Amino acid sequence: MRGAVASELLRSVSGLSVLAVYLVAVLLPAYVLFSDGSRFDAAGLDAGEATLRLMQPLAWAAMSAAFVGAYTVTREYYYGAMDRTLTAMGFRRAFVAKLVAGALIAVALTVCTALCWTVGTFFVLRAQGLVMEMTPAAWGVYGGAVFGAMFGAVMGASIGWISRNYYVTAIVVLGFPMVVEFALLRTAPEVAKFSPGLALAALGVPGYQGRLLDLVPALAVTVVWTAGLVAVAWARGRRSVA
């Protein structure tokens, strides 16, 4: 199994096409950041509050991780290579290896994104005459984003196994959060907070603006969504190779 995971990791960092996937890792955090221009206005805020406001969008990196994880699966369906992989590795090994590799890549990308985000936050605050101050809540955004990326990637890979289509999966893991979940967050937060993407985000910003779940419920909902998607993906995959 270790060799299968190593093989998937190598594929994930090979070829120019994966550069676009890596750029997607910052898509949703950037969307959240720039959708609210007031985050760049630190007037009346102390250094800790201003730092936290700029760091909070990083929690949505866990949602971007779903696409990163899905790519380990959908790439092979797109290029018609999945049959060869299943013949060489068997379904069980391929299934587990892609989930594990996707999670590792997503976590690594989230860490890199967090480092870049921190540098950017430092300079934005400096331009406003403030010093970056990492409060416990700001460190919690880091931890939640990285931890959530692991779950997000597994969800994404599972959706890839279920749909077996690159474009359908992209719509589900990117379009659904940006169009449906964010819309529900504004209009029906009591429903939206139980959605998979916003449960992931709540791991980094629990109770955000009173619209997201607290940490423990968010983790519970995330685990339920992840386990359910993995179970469906496994059952569908087993039927296809039976």
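Residues are numbered from 1 along each chain as its sequence is written. In this predicted model, local features need pLDDT of at least 70, side-chain atom pairs count only at pLDDT 80 or more, and totals for chains, interfaces and linings use all residues, while side-chain values use heavy atoms, without hydrogens or water.

**The salt bridge**

The structure holds one salt bridge (a side-chain nitrogen of Lys or Arg within 4 Å of a carboxyl oxygen of Asp or Glu). Its partners are E76 and K98, at 2.3 Å from N to O. The pair links distant parts of the chain, 22 residues apart: E76 sits in helix 5 (residues 61-78) and K98 in helix 7 (residues 91-127). Helices are DSSP runs of H or I, at least four residues, numbered from the N terminus.

**Burial**

Buried means under 20% relative accessible area, exposed over 50%, and partly exposed in between, with a 1.4 Å probe and protein chains only.

| Residue | Relative accessible area | Class |
|---|---|---|
| T85 | 5% | buried |
| E76 | 5% | buried |
| K98 | 0% | buried |
| M1 | 37% | partly exposed |

T85 belongs to helix 6 (residues 82-89). Leaving aside residues up to four places away in sequence, T85 touches R11, E76, G90, A94 and K98. Contact means heavy atoms within 4.5 Å.

**The surface patch**

M1 precedes helix 1 (2-12). M1, V96, V100 and L104 form a nonpolar surface patch, with about 280 Å² of accessible area together. Patch residues have over 30% relative accessible area and no salt bridge; like charges are joined within 9 Å, nonpolar side chains (Val, Leu, Ile, Met, Phe, Trp, Tyr) within 5 Å. Accessible areas come from the Shrake-Rupley method with a 1.4 Å probe; for residues, only the protein chains shown count as cover.

Methods
Helices (H or I, at least four residues) and strands (E, at least two) are DSSP runs, numbered from the N terminus.
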